[in-house]
Amino acid sequence: MKMESRCNRRRKCIDGTTAAKLKGKKIETRNTKEDLKQAKRDAVGWWLNSRPLFDEIGEYQSARSNIIASGLKSQIEASKAEIKSRREEELQVTTRIKELNDQLDVTCKYIEQLKLKIQEESRKKSEMKQVLLMRKQTVEALRLTHRALLFETEASRASAAQALQYIFRSQSDDTTIQLSVEEYNALTRAAEEEISLNNWRVSVSTEQRLAAQDSRDLAFKKLEALYCPDNDIKHEKTENEIREERSTGSQDEKKHLPIIEEEEEEDTVFICPARSPQHLVDVTEQSDDTKLVAIRKKPSVLTQLRVFFEQNWQSFSTASPPQKGRMVTVLSIDGGGIRGIIPGTILAFLESKLQELDGPSARIADYFDVISGTSTGGLVTTMLTAPNKENRPLFAAKDIYKFYKENGPKIFSEDRLKGFLEKIRRLFVSFTGPKYTGEQLGSIVKELLGDMTLNQTLTDVIIPTFDIKRLYPLIFCSDKARANTSWNAYLYDVCLGTSAAPTYFPAHYFETKHEDGRTRTFDLIDGGIAANNPTQVAITHITNEILNGNFKIVDDMTPMNTTRMLVISLGTGAAKYEAKYDARKASRWGILNWIFDNGNTPILDSYGAASQDMVDIHVSSLFQALQAEQNYLRIQEDGLTGDESSVDVATVRNMERLSAIGNELLQKPVSRVNLETGMFEAVAGEGTNSDALSGFAKMLSDERKFRLGT
C-alpha cells in the first residue's frame with residue numbers, strides 16, 4: 001500500500017510538471033501565432049506599399065525587353081540583308097569566274113591553234129629553206145656545167161688538132177682551086193679575123209684553165225691536209241713524177257714535140273703534119289714542107305681526181321681502211337633534271353682520260369657505238385653527238401657543266417618565297433598547271449640545235465619518251481630515223497619530249513611526215529615514265545638489230561653476249577638514305593599528297609627510283625650470269641639530301657654542290673647494287689670509280705685503234 005501511494009504521489013508530481021510545461025508551450029505557441037499574424041499584416045502592408053514599385057519595375061523590364069527585341073530584330077534583318085547581298089555577290093563572282101574560265105579555255109585553244117600554226121609555218125619555212133638550198137645548189141651546178149660546156153665548145157672550135165687535120169687533108173687533096181685576087185683577099189681577111197678570134201678565145205680559155213688549176217691544187221692540198229697531214233713530200237714527189245712522165249713520153253716520135261693542153265674528157269694525143277700559125281703551136285721539128293705538132297688534151301678535173309685518188313690512196317692516211325670491231329660500246333645517262341651536272345662531271349673526267357691517250361681532239365662520241373639518255377640525260381646525249389659545222393661534236397664533255405650553270409636558272413626560273421607562303425604557292429601552282437612553262441627550255445634547246453634532225457648524229461643515239469595519247473613508250477634512235485622519215489624528228493623536239501616531266505613541264509606535241517606525205521603526230525611526256533635508266537633500252541636495241549641482221553659494227557655478235565660489250569651507266573643521284581617518306585606517313589595520303597608533299601613529288605620519285613634500280617638489277621644480273629661484271633660500270637650516288645635531291649633547284653650554291661658530288665663520286669670505290677637490299681655496296685679489289693673509268697678509257701681507245709687498223 002505504501003508502495004502504491006508512493007507511486008501515485010510520484011505520478012501526480014510528474015503530471016503537474018507536465019501540465020506546467022504544456023501550459024508554457026501553449027503560451028509560447030499563442031505568442032508565436034500572434035507574431036506570425038503581425039508579420040503577415042506587416043508583409044501585406046509592405047507589399048501593398050511596394051506594389052507601385054514592382055509595377056514600375058515590370059514596366060521598365062517590359063520596355064527594355066521591347067527595346068532589346070526591336071534592336072535584335074533590326075540586327076537580324078540587317079544580317080539577313082547582308083547575307084543576301086553576299087550571296088548575290090558570290091553568285092556574280094561565280095558567274096564571272098565561269099565566264100573568265102570559258103574565255104580562258106577559248107584563249108588557250110586559240111593559243112594552241114596559233115602554236116600549231118606557228119610550228120607548221122616553221123616546218124614549212126624549214127622545208128622551203130631546204131628546197132631553196134637544193135635549188136640553189138642545182139642552179140650552181142647547172143651554171144658550172146654551162147660554163148664548162150661553153151669552154152669545151154670554144155676550145156673545140158679553136159682546136160689546133162682539128163685545124164691541123166684539116167690542113168693535112170687539104171694537103172693530101174690533089175684538087176686545084178683557082179681563086180681570084182678579091183676572093184683570095186676575102187679569104188685571107190676571114191682567116192685573119194678567125195685567127196684573131198681564136199687568139200682571144202685561147203687567152204680566155206688559158207686564164208680559166210689556170211684559175212681551175214689553182215682551185216684544183218688548193219683542193220688537193222686540203223685533201224692532203226685532211227687525210228694525210230704528214231705526207232706533203234710524197235705528194236709533191238708524185239706530182240713531179242707526173243710532170244716528168246708527161247715531158248718524156250713513151251714513144252720516140254713524140255719525144256721532143258711541144259704539148260698544148262686543152263680541157264677534154266680523156267687523155268689522148270694527136271700527131272699530124274701541120275702548117276699552123278705560131279700563136280697556136282710551137283714548131284720544133286720539120287720534114288720537108290711538113291711540120292709535126294703534138295697536141296696533148298688534158299684530162300678533166302673529175303678524171304684527174306679519180307687518177308689522183310688511185311695513185312695516192314695509200315698516202316691519204318697511214319691507217320688501214322676501217323674494219324669491224326671486237327666489242328660493242330654503250331654509254332647510258334639517267335634522267336634527273338638539274339642533277340644532270342653529276343654525270344656531266346664524270347663524263348668530263350672520262351673524256352680527259354681519252355684525250356691523254358689519243359690527243360686533245362678526242363670526244364666521247366668517237367668511242368661509243370650507242371649513247372642513250374633519258375630526260376636531262378637525253379639532252380646531254382644530244383649535246384655530245386650533234387654535229388657542228390666541222391662535223392665534230394657540238395659540245396666537249398667539259399662544257400656540260402658550263403651549259404647547266406648558265407641555263408639552269410633560266411630553265412628552272414621561279415620567284416622563291418619562304419616558309420608557309422612558299423608551300424601555299426606551290427600547292428596552288430600544282431592545281432593550276434605545270435610548275436614551269438617550258439618556254440625558256442624550248443628557246444634554249446631550239447637555239448642550240450637549230451634544224452638538225454635525228455639522222456645527223458655522229459653516233460647512234462637512243463632517247464626514250466612516253467606517248468600520253470597512246471599510253472605507250474616511244475624510243476627514238478638514229479637507226480630508225482635513217483631508215484624511216486617519220487622517225488626523223490628535229491633533235492630539239494625529241495629533247496623537249498623526253499624532258500616533259502609531269503607537274504614540272506607541259507607535254508610536248510610535234511609532227512613528222514611519212515615518205516608518202518602522211519602526217520605522224522607525237523604527244524610526248526618525260527621518258528623517265530618508261531625508262532629513267534635507259535641502259536636496258538640500249539642493250540635491247542642492240543639485240544634487236546642483231547636479230548634483224550642490221551648490226552654491222554661487230555662480227556659474229558650474238559644477242560645478249562655481254563662478254564663482248566663495254567657498258568658505262570651514269571646515274572644522277574638518289575636520296576635513299578634521307579628516308580623522306582615512310583609507310584606511316586604515306587598511309588594517310590590522298591591524291592594531293594602523292595602529287596605534292598612538302599615541295600616534293602612522291603609518286604614521281606617512287607616511279608623514277610624503281611625504274612632506275614630495276615634496270616640496274618636486271619643488267620647487273622645479265623653481266624654476272626656470263627661472268628662479265630667488269631664489262632659493266634654503274635656509277636650512282638645514293639646519299640643525296642635536301643636541295644641536292646631536287647630536280648629543279650638551280651641555285652648557284654646547289655649547282656656547285658652537285659659538281660662537287662660528281663668529283664667526290666670519282667674518288668669513291670666501285671660499287672654494285674645488292675640484289676637483296678637494293679643499295680650500292682663497295683666491291684673489294686676494284687679500286688675507285690676514277691680507276692675504273694681510266695681502265696675503260698684504255699679499252700675504248702684500244703677498240704677504236706683496232707677498228708682504224710692503227
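In the hairpin of β9 and β10, which has five residues between the strands, G517 takes a positive phi near 95°. This is a predicted model, in which local features need pLDDT of at least 70, side-chain atom pairs count only at pLDDT 80 or more, and totals for chains, interfaces and linings use all residues. Residues are numbered from 1 along each chain as its sequence is written, and side-chain values use heavy atoms, with hydrogens and water left out.

**Overall picture**

- The protein has 19 helices and 14 strands; helices (H or I, at least four residues) and strands (E, at least two) are DSSP runs, numbered from the N terminus.
- Of the 710 residues in the protein, 36% are buried, where buried means under 20% relative accessible area, exposed over 50%, and partly exposed in between (1.4 Å probe, protein chains only).
- Among contacts (heavy atoms within 4.5 Å) between residues at least 6 apart in sequence, 73% join residues at least 24 apart.

- Strand β9 (residues 508-513) pairs with strand β10 (residues 519-525) in the antiparallel sense, over six bridges; two strands pair if DSSP finds at least two bridges between them.
- Within this pairing, H508 stands opposite L524 in β10.

**Helices α6 and α19**

- Helix α6 (residues 341-358) and helix α19 (residues 689-708) have axes that come within 9 Å and cross at roughly 50°; axes are lines fitted to C-alpha atoms, for helices over the stretch in contact, and angles run from 0 to 180 degrees between N-to-C directions.
- That makes α6 oblique to α19, since angles under 35 degrees count as roughly parallel, over 145 as roughly antiparallel, 65 to 115 as roughly perpendicular and the rest as oblique.
- On the α6 side, the contact is made by I346, F349, L350, K353, L354, L357 and D358.
- On the α19 side, S690, L693, S694, A697, K698, L700, S701 and K705 take part.
- The residues of this contact of α6 with α19 divide into eight nonpolar, three polar and four charged; Ala, Val, Leu, Ile, Met, Phe, Trp, Tyr, Cys and Pro count as nonpolar, Asp, Glu, Lys and Arg as charged, and the others, Gly among them, as polar.

**Buried spots worth a look**

- Eight of the eight residues of helix α12 (residues 491-498) are buried, so α12 is largely enclosed by the rest of the structure.
- Among the buried residues of α12 are Y492, D493 and T498.
- D648 is found in the loop between β12 (632-635) and α18 (652-667), and D648 is buried, with a relative accessible area of 3%.
- D648 and Y504 are 144 residues apart in sequence and 8.7 Å apart in space, C-alpha to C-alpha.
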